Amino acid sequence: MGRFAAAGNTPGAALSHLQSGKKGIGMKASQFPLFTLKETPADAEIISHQLMLRAGMIRRLAAGLYTWMPLGLRVMRKVEQVVREEMNRAGAVEMLMPAVQPAELWQESERWEKYGPELLRLRDRHEREFCFGPTHEEVITDMARDELRSYRQLPVNFYQIQTKFRDEIRPRFGVMRAREFVMKDAYSFHLDSDSLAATYEDMYTAYSRIFERLGLDFRAVAADSGAIGGSVSQEFHVLAESGEDEIASCSACSYAANTELASSRPAPLSEQAPETAEEKATPSIETVEEQARMLDLPTERIVKSVVVMTDEDEPAVLFLCGDDELNPVKAAHALDVDEVRLATAEEALQATGVPRGFIGPKGLPEQLPVRVDHRAAGASNFSSGSNRADHHWINLNWDRDVPLPPTADLRQVRPGEACPECDGGKLEMSRGIEVGHIFQLGDTYSKSMGATVLDEDGRERPMQMGCYGIGVSRIVAAAIEQNHDEAGIIWPAPIAPFAISLIPINIQRSEKVREAAEALHEALAAEGIEVFMDDRDARPGVKFADNELIGIPHRVVLGERSLEKGKVEYRGRRDEESVELDYDSVVKELVTRLS
């Protein structure tokens, strides 16, 4: 007989010597209801969306709008706490700004129209225009220009954790791409770029600590600044096969970048001797592959044209090697515009006077902006369109046959190609979910909105700004994408809703089980452990399935037979088998496992 079954020995007495008086959280299913689902909702496309709905963490209110249920909110609050602690540790100061913002501020920064349809615009009863903030650069800059007057007040870094709204054209993937979401955004102000760079590095370090503490496998990568603006930015990605972003990283050095921005190493100039240029008839050619077959050339010796339209509806012509793919973000940077799109066949014909597929650099209208990719600029004896239908040149050479236009990095990088920063490495591709982004904004907002301070010489200078965002609610979904199995969620311990679940078998019918479970529940809570007891009147299989679904890291099962032997059954969420532990020492054992 175990100690629990000995005459005159109650469950409470068996554990009383272990109770330390620490403040903990004990919760029961009778107080904290579970809203789990057996079936996967039909509209849930990715695993995090499926499991968050099935585990009862969220419920859909409308497209891209979700109610955070008690279980989900506990996880999100855990994320918030880690973020808050590390921001405070880095010297940032918490504040809270209004979610609804006046249009005048966005008009000052010139983003009212530029931000586009994702900006939810509102009118109040007085017909004044507002927006529901997708971000807070304008509001914080307005505050700074009113409150910061002297260089002596700098540097300073403000942050908030708050609800944002971006009117996604197609909200999907649950909270991964919702219209309403919770974000931590921080904004720093500086007298000069050196101070900004120092705080930027502090934020990089703080973000790295945040994701390490959350127990996530992540990577920081160079990134495009997008609609936020600024010259330098890095994204933080949780690595997961389901990630929407592709990341290029070096096999030998620390280089890593979102493929939107990943650099190509310029190709060496061809050493082929120049041959005589010749125009060839190429009827009915539509693709690079057809051109290569007809002219008996490898695709890398074809310089193809890509006609794009800028966000101002102006055409431009870009030239790349035939086996390369255009990177639209790089193209926009090369043309110094916000974005580009591929021109339609009609737009390409109108811009060049030539059917698409036969456009080339020799004889192109001079008024058109033209850029050549670095790799294509190194080509010799190449084939390209002759700017008349059904004809192509072969053996063209830059400078001899056609002046070399301005060059730029325009191509999408590929796995296995040389690293742009070291000599021995090759680029490898992985997928990631963006959960954080840090920017060096410079004076992008302070200049347009007149946010200045007096320097040591009494001169007014626009403040240098940094911006640092973390998708708090998105981290919850990203953690699930990275940590799950066929049974459900496997939470990293720092963000699990509870550390331990107690599953008493037949608790409504066994006084012995009920007393043992209650005593253990209280003893664990007294040790400062967050413990959840499933005291529902449900079959053991239902309780086990729900426990695995909601992903609590440690499980203790109490049943009459095991208690008769003074034992309980323990299983970690990642364990394949259960083990027996002594009831009398189980609290001490669990404290050790959690430390």
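Reader: How many bridges join strand β6 to β7, and do they run parallel or antiparallel?
Author: This is a predicted model, where local features need pLDDT of at least 70, side-chain atom pairs count only at pLDDT 80 or more, and totals for chains, interfaces and linings use all residues. Residues are numbered from 1 along each chain as its sequence is written, and side-chain values use heavy atoms, with hydrogens and water left out. Strands (DSSP runs of E, at least two residues) and helices (runs of H or I, at least four residues) are numbered from the N terminus. Two strands pair if DSSP finds at least two bridges between them, and β6 (residues 120-123) and β7 are joined by four bridges, antiparallel.

Reader: Which residue in β7 stands opposite leucine 120?
Author: Leucine 120 falls within β6, residues 120-123. Its opposite number in β7 is phenylalanine 132.

Reader: Which residue in the turn of the β6 and β7 hairpin has a positive phi?
Author: Five residues lie between the two strands of this hairpin. Most residues other than glycine have a negative phi. In the turn, a positive phi of about 65 degrees belongs to glutamate 127.

Reader: What is the bridge partner of glutamine 101 in β7?
Author: Strand β5 (residues 100-102) is joined to β7 (residues 129-132) by three bridges, and the two run antiparallel. Within β7, the partner of glutamine 101 is cysteine 131.

Reader: What is omega at the cis peptide bond between leucine 154 and proline 155?
Author: Proline 155 sits in the loop between α5 (137-147) and β8 (156-165). Most peptide bonds are trans. The bond joining leucine 154 and proline 155 is cis, with omega of about -5 degrees.

Reader: Is aspartate 313 buried or exposed?
Author: Aspartate 313 belongs to the loop between β15 (303-310) and β16 (315-321). Its phi is positive, about 60 degrees, although it is not a glycine. Buried means under 20% relative accessible area, exposed over 50%, and partly exposed in between, with a 1.4 Å probe and protein chains only. Aspartate 313 has 52% relative accessibility, so it counts as exposed.

Reader: Is asparagine 395 buried or exposed?
Author: Asparagine 395 also has a positive phi, near 60 degrees. Its place is in strand β20 (residues 391-396). Its relative accessibility is 9%, so asparagine 395 counts as buried.

Reader: Which residues is proline 315 in contact with, leaving aside its neighbours within four places in sequence?
Author: Proline 315 is found in strand β16. Its relative accessible area is 19%, so it is buried. Contact means heavy atoms within 4.5 Å. By that rule proline 315 is in contact with Val308, Met309, Ala351, Leu368 and Pro369.

Reader: What separates the C-alpha atoms of proline 315 and threonine 352?
Author: Along the chain, these two residues are 37 residues apart.

Reader: In β18, what is the bridge partner of valine 317?
Author: β16 and strand β18 (residues 370-373) run parallel, joined by three bridges. The partner of valine 317 in β18 is valine 370.

Reader: Which residue in β21 stands opposite valine 372?
Author: β18 also pairs with strand β21 (residues 407-408), in the parallel sense, over two bridges. Opposite valine 372 stands threonine 407.

Reader: How many residues of helix α12 are buried?
Author: Helix α12 spans residues 472-482 and is mostly covered. Its buried residues include Val472, Arg474, Ile480 and Glu481.

Reader: Which backbone nitrogen lies 3.2 Å from a polar atom of the side chain of histidine 521?
Author: Histidine 521 lies in helix α13 (residues 511-526). It is buried, because its relative accessible area is 5%. Among the residues it touches are Gly26, Met27 and Leu502. The backbone nitrogen at 3.2 Å belongs to methionine 27.

Reader: How many helices and strands does the chain have?
Author: Of its 595 residues, 53% count as buried. Its C-alpha atoms fill a box of roughly 105 × 65 × 50 Å along the principal axes. The secondary structure comes to 16 helices and 32 strands.

Definitions and conventions: Polar contact = N/O pair within 3.5 Å; in protein donor to acceptor, adjacent residues only side chain to side chain.
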